[in-house]
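Please look through the structure with these notes beside it.

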Amino acid sequence: MPLSRSLSMTSLSGVLPAWEEDELPVEDLLLFEVAWEVTNKVGGIYTVIQTKAKITVDEWGENYYMMGPYFEQNFKTQVEGCEPPNPAIRKAMDALIHNGCQVHFGRWLIEGSPYVILFDIGSAAWNLDRWKGDLWQTCSIGLPYHDREANDSLILGSLIAWFFKELTDNLGDKPNVIGHFHEWQAGAGLILSRSRKIPMATVFTTHATLLGRYLCAGNADFYNNLDKFNIDKEAGERQIYHRYCLERAAVHCAHVFTTVSQITAVEANHMLHRKPDVVTPNGLNVKKFSAMHEFQNLHSTSKTRIQEFVRGHFYGHLDFNLEKTLFFFIAGRYEFSNKGADIFLESLSRLNYLLRVHRNDVTVVVFFIMPAKTNNFNVESLKGQAVRKQLWDTAHTVKEKFGKKLYDALLTGTIPDMNSILDRDDFTIMKRAIYATQRHSLPPVTTHNMLDDSTDPILSNVRRIGLFNSRNDRVKIIFHPEFLSSTSPLLPMDYEDFVRGCNLGVFPSYYEPWGYTPGECTVMGIPSVTTNLSGFGCFMEEHVSDPAAYGIYIVDRRFRSPEESCNQLTQFMFSFCQQSRRQRIIQRNRTERLSDLLDWRYLGRFYIHARHLALSRAFPEKFKMDPMAPLKVKGFYTNELVSVTPAPTRCPSPSASSTHPHHSDVEDDDDESYDEDEEAERDRLNIKAPFAPGAMPEGKKKQPGESGN
């Protein structure tokens, strides 16, 4: 089976480079991808492997298998059990099963339907002490008995290494095996496979270093002190030294080591003492989201649903115009400083001041979608939605009665007296409905009852900055400490629909190895704020000459003080509030056009490169490859374009064009227009293709903290 690298780029046709065919005999190979998140939604890695599955299955067919832990509920709801098509895999599974270990096989019911091999950790737990001894004898790494997660990862790794040994013995000199391991939880399998000299090519991907996440969460000045940390001491003080040792051993055992971004590559070089061979940026299955300019209509539909929720939440205090209200949001794991919620709240306080001083008629409603410990919905929040529904029912009843009387009058050829068309009972009903909207308290900041209300970081900072949703505040805050769901009685929307309805996603992270949240905004045509300390922000800085014109606002958190970064974020948001509706429509079109840069059909090539490199190192006599050779791409990025002046953030304003997109907002009567030919030329000048994997662009200066070896 030839290695298919055909790409289908739509909105950026002519901008993204073609990739010459470079065949790899996948029909003679078996690819296994190992991760704790296979069929098991824990964090962002689940999104990586789930969305990447289809392009990998398209490339490898039935020679691609995912491996992970078995959880009964996940298997019942996500996997269709079946028999493995490869007899060698069946024999390897039987060898484990006959020794008392349970192994399950099936198709994961996601796009691409990849095969999965899931190992029951509980069934093999009786081997834990013996396998701990093997690990100690192999690489002098000891695991404490109380660390359940580390112990489970060792059991999983031991089962996987055992499986690979049986598999390669059954295969003999036939197909070669590639094992791709994600994160430290899968690292034990790689370490044991290499120590037992199992003939296979190995790739290890770290999505975030263990110690890096801990140090940043502890408010360390991480990026300015990368070369100053005593790694062993820091890991020991945080009681993760054994995990760190597993991670570092896996990194150094792998034939090829990859990270998901350049900023994580710099971090890994210092934390794990190995420079990544390839940077493999995270992508998305863009086809799932794109529908030409239909995304503008989807934005309008979802925005209307958010407006309905806001009407209920702010009942009695709805003295702002919803047609001039912008919806901002931040979402993700509740890591207050790592995700930038601290700088975001401070910036919102300053934005509120600027909007009030400038007497701006724009209101900003900000959603914090971060899961925290709660015991139920806030009664006041539920009451608000009930009041809203009651008002709607009342208005609908009066409207029906009004409409019937008006219709009857028109049939008789008369125009009714508008003062008499509604009787006293109608006015009584409406007055009672109005009185029901009166409230003596401010709209709640949080939608749930928090278990740790007094110590919660977000609520504590809301009290500090004094944003309590009062009438004179132009910035309103809603903290929703639970992931969104269409079955919620409060805000019945899935996350994707919610994102589509917002105007701006704000993710000013301090520690963000990649950043799927701004990426998801981009493919749905929603502008976002990110930072140059996130993998996504660095990726966009490198490939778009003026990211802000395309709705990607990048806050400098690496070379500026926190105060300067906060002011920059405030200015970004204030400038966004000053845009006209027409400008926001055009900007959403530009944002959506960047989605192909994040398509797995495009970014998957870096994984192909990593696998090819691993094969050339594991089996040099069979697979030859120049490790320094760049990808065979020809982009438009030339020396003439290096000095191109970035496109202005403000939209051009020639005469209106008949090629404008569908609009989701009421247009202002201004002369802003959208010309597809001009936009295509803008893209040609401002968007460039990635460079070769792991290579430093010619003439690019190294940033402080980047190692040259």
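1. Arg107 is partly exposed, with a relative accessible area of 25%, and Glu62 is also partly exposed, at 43%. Here buried means under 20% relative accessible area, exposed over 50%, and partly exposed in between (1.4 Å probe, protein chains only).

2. Glu62 and Arg107 form a salt bridge, with 3.6 Å between the closest N and O atoms. Glu62 sits in the loop between helix 1 (44–60) and strand 2 (64–69), and Arg107 in strand 4 (residues 103–108), so the pair ties together parts 45 residues apart in sequence. A salt bridge is a side-chain nitrogen of Lys or Arg within 4 Å of a carboxyl oxygen of Asp or Glu. Helices (H or I, at least four residues) and strands (E, at least two) are DSSP runs, numbered from the N terminus.

3. The model is predicted: local features need pLDDT of at least 70, side-chain atom pairs count only at pLDDT 80 or more, and totals for chains, interfaces and linings use all residues. Residues are numbered from 1 along each chain as its sequence is written, and side-chain values use heavy atoms, leaving out hydrogens and water.

4. Arg243 forms a salt bridge with Asp147, the closest N and O atoms lying 2.9 Å apart. Arg243 belongs to helix 9 (residues 241–253) and Asp147 to the loop between helix 4 (128–139) and helix 5 (148–171), 96 residues apart. Both Arg243 and Asp147 are buried.

5. Arg350 and Glu563 meet in a salt bridge at 3.1 Å, N to O. This pair links helix 12 (residues 341–357), which holds Arg350, with helix 19 (residues 562–577), which holds Glu563, 213 residues apart. A network of salt bridges links Glu346, Arg350, Arg464 and Glu563.
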